[in-house]
Amino acid sequence: MTYEFTTEDLKEIEKIKSRYPEVKPATLPVLWIAQNRFGHVDPDVQKLVAATLDLPEAHVHGVATFYTQYYKEKKGKYVLDVCTCLSCQLCGGYDMLHYLEEKLGIKTGETSNDGMFTLNQVECLGACGYAPMLQITNDKYVNNLTPEKIDKLVDSLKKGEEPSYEKMEMPLRKNN
Ligand code: FES
């Protein structure tokens with residue numbers, strides 16, 4: 001598949017490049033722009049990033065594959081990362097993961113047929129005091145999970161509504 005950055009993306013990329021004495025450090029933020037634009041950084045998107053920055057494809061591939069936050073394949077509209085590390089595990093992280101598997105009709109690592117949700121099991125996300133928790137698409141955290149909270153979250157996302165994160169108890173990260 002052929003991918004192209006928008007004019008707006010290219011302007012942003014030029015701005016990023018101007019911050020550094022050489023182009024390599026721009027790889028991370030430009031991959032991020034690419035992921036926000038296309039939803040993933042599969043090998044074709046990595047090629048686009050390499051061509052845009054005039055860097056070897058192997059370098060961009062190395063960076064993209066080093067970080068789990070970059071999706072190397074197409075994912076669901078929402079990627080739910082459920083933490084099952086120690087604190088979350090002790091507070092029911094696996095129960096929440098299995099509850100989501102049942103609710104979404106998928107196994108961990110899979111994407112729902114409607115393309116809405118990808119479910120992942122992840123290591124500690126640094127919100128151990130709010131266990132069990134999950135992260136939505138590399139961004140917002142939903143803390144102190146319960147089945148009821150998961151129902152509310154999934155229903156809101158399915159309707160295309162941003163859930164009320166205030167009510168989801170998310171003291172760590174807020175976008176606005
Ligand atoms: S153990 Fe889950 S956020 Fe740290």
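Modeller: Let us begin with the surface. This is a predicted model, and the accessible surface of its chain comes to about 9800 Å², of which 50% belongs to carbon and sulfur atoms. Of the 176 residues, 43% count as buried.

Biologist: What are the spans of the C-alpha trace along its principal axes?

Modeller: The C-alpha trace spans about 50 × 30 × 30 Å along these axes. The domain assignment gives domain 1 (7-66) and domain 2 (78-158), and their C-alpha centres lie 29 Å apart.

Biologist: Which secondary structure elements does the chain contain, and how do they run from the N terminus on?

Modeller: There are seven helices and four strands. From the N terminus on, they run α-α-α-α-β-α-α-β-β-β-α. As for contacts, among those between residues at least 6 apart in sequence, 61% join residues at least 24 apart.

Biologist: How is empty space located in a model?

Modeller: The general idea is that rolling a probe the size of a water molecule over the atoms shows where empty space is left. In this structure, the largest pocket holds about 300 Å³ of space.

Biologist: Which residues lie nearest the centre of the largest pocket?

Modeller: Of the 16 lining residues, Thr-68, Gln-69, Asp-81, Val-122 and Asn-138 lie nearest the centre. Strand β2 (residues 117-122) gives the most to this lining, with three residues. By class, the lining of the largest pocket has five nonpolar, six polar and five charged residues.

Biologist: What is the volume of the second largest pocket, and which domains contribute to its lining?

Modeller: Its volume is about 250 Å³. Domain 1 (7-66) and domain 2 (78-158) each supply at least three residues to the lining. That lining has 14 residues, with Gln-35, Gly-39, Tyr-71, Lys-77 and Thr-137 nearest the pocket centre. By class, three are nonpolar, seven polar and four charged.

Biologist: A pocket is open, whereas a probe placed in a cavity cannot get out. How many cavities of 30 Å³ or more does a search of the whole structure find?

Modeller: The search finds one cavity of 30 Å³ or more. The largest cavity has a volume of about 40 Å³.

Biologist: Which residues line the largest cavity, and to which classes do they belong?

Modeller: Cys-83, Cys-85, Ser-87, Cys-88, Cys-124, Leu-125, Gly-126, Ala-127, Cys-128 and Met-133 line the largest cavity. By class, this lining has eight nonpolar and two polar residues, and no charged residues.

Terms used
Residues numbered from 1 in each chain as written. Predicted model: local features only at pLDDT ≥ 70, side-chain atom pairs only at ≥ 80, totals over all residues. Heavy atoms only, no water. 1 Å grid on protein atoms, 1.4 Å probe; cavity = no way out; pocket = protein on both sides within 12 Å on 5 of 7 lines; lining within 4 Å. Points joined across faces, edges and corners; volume = space filled by probe spheres on them. Helix = DSSP H or I, 4+ residues; strand = E, 2+ residues; numbered from the N terminus. Nonpolar A, V, L, I, M, F, W, Y, C, P; charged D, E, K, R; others polar. Domains from an automatic or database assignment. Buried < 20%, exposed > 50% of the residue type's maximum accessible area, 1.4 Å probe, protein only. Contact = heavy atoms within 4.5 Å. Areas by Shrake-Rupley, 256 points an atom, 1.4 Å probe, with all protein chains shown as cover.
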